[in-house]
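Hi,

Here is the structure I promised to pass on.

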Amino acid sequence: MESPIRKKMLQAFSESDGEFVSGQALADFLGCTRTAVWKHIEELRREGFELEAVRRKGYRILHAPDKVTENEIRYGLNTKNLGQTIYYQESIDSTQKKAHQLAYDNCPEGTLVIAEEQTSGRGRMTRSWHSPKYSGIWMSIILRPNLPPQQAPQFTLLAAVAVVQALEEVCGLNPEIKWPNDILINGKKVTGILTELQAESDKINSIIIGIGMNVNSKQEDFPEELQKIATSVAIEKGKIVSRSSIIQKILEKLELYYHLYMEKGFGPIKLLWEGYAISIGREIIARTITGTIEGKAIGITNDGVLKIEDSSGRIHEIYSADIEIQGNS
Ligand code: BT5
């Protein structure tokens, strides 16, 4: 975690909206000396913040670096809970793994675990998730809804809606969702979501939502086996994009839809989700742990479970699977 004083300092800059904040005002606000203010300003510079210092006016931030440190994310973040506690590491094995530990140790709800790179990023089951340094968003968020464990898979769909809308609003892209956890642009995967649980038999203790998004990777940065199936925000947009602004928007949307969900249930989320889903109405192949089902995806239930109608008219309910859309694998 980073220094609480610097956290407060960024809050002061954030509120000043690009205007100068005097050294004295900062010192008063932080309850420290002007020399201490100067030291923290230097620390921000070392982190890549570009700060202008003008005599008799004070300091202002000209440019925040594109890192995903606690400071970067907090500067301009508009949430009440989500991302208000941040655990950042330059390099980590898996943010998901760390989030499990923090959740177990009773960290505050909304805690965000984020890293510039993951050395053992993971997907569902035993799959790995390619997470190279600085080029993507590798993060996990801890929620503590008072719900039965069966409802947890709905959070994957809720998170998918938040991610799609963040990409629309921040980047002007039009991603689609492939049930349950893939976000695609032009048929290629830009984001994967991994929802995991700590629960007792009838009650969720923590939901850990892992989000992996390729942001500034170039096509040749992907390993051979991902070249044909993966894409990034920068590839689709044709330019580099700030990761922290996408993260902030995802956190804001997640908070919004989390509250909506707790107030009104899954219904409104389901409607939004359906508006972005590509698999619905298509012929698909669903590979589950127990076997393969082919048929038409006819929708999701009110619980977020996928319904497939096979050629004999039988309807299957699928809780978890890999989906291949026919003629568009
Ligand atoms: C997922 O699994 O899509 C969930 C990925 C979640 C990653 C996040 S990053 C932060 C947090 N910490 C973690 O350790 N994990 C979470 P699944 O549906 O099982 O898809 C995995 C498959 O996606 C792999 O087998 C590859 O084929 C493919 N893949 C791996 N890395 C990729 C990447 N960077 N971009 C696109 N596809 C990738």
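Below is what I found, starting with how to read the model.

The model is predicted, so local features need pLDDT of at least 70 and side-chain atom pairs count only at pLDDT 80 or more, while totals for chains, interfaces and linings use all residues. Residues are numbered from 1 along each chain as its sequence is written, and side-chain values use heavy atoms, with hydrogens and water left out.

First, the sheet. Seven strands make an open, mixed sheet, in the order β3-β4-β5-β9-β8-β7-β6. (Strands are DSSP runs of E, at least two residues; helices are runs of H or I, at least four; both are numbered from the N terminus. Two strands pair if DSSP finds at least two bridges between them.) β3 (86-92) and β6 (176-178) are at the edges with a single partner strand each, so one side of each has no neighbour in the sheet. From one strand to the next, the twist averages 20°. Helix α8 (residues 243-264) packs on this sheet and touches β4, β5 and β9 (204-214), where contact means heavy atoms within 4.5 Å. The direction of α8 makes about 25° with that of β5; axes are lines fitted to C-alpha atoms, for helices over the stretch in contact, and angles run from 0 to 180 degrees between N-to-C directions. Within the sheet, β4 (residues 112-118) and β5 (residues 136-143) run antiparallel, joined by four bridges, and V113 has S140 in β5 as its bridge partner.

Next, the ligand. There are 28 residues around it (a heavy atom within 4 Å), and S94, R122, R124, R127 and K189 come nearest. Polar contacts here are pairs of N or O atoms within 3.5 Å; within protein, one must be able to donate a hydrogen and the other to accept it, and residues adjacent in sequence count only if both atoms are side-chain atoms.

- R127: a side-chain N or O atom is 2.6 Å from a ligand oxygen.
- K189: a polar side-chain atom is 2.8 Å from a ligand oxygen.
- H130: a backbone N or O atom is 3.0 Å from a ligand nitrogen.

On its own the ligand has 790 Å² of accessible area (Shrake-Rupley, 1.4 Å probe), and the protein covers 92% of that.

β10 (residues 283-287) and β11 (residues 292-300) form a hairpin with four residues between them, and five bridges join the antiparallel pair. β10 also runs antiparallel to β14 (residues 322-325), with four bridges.

Cheers
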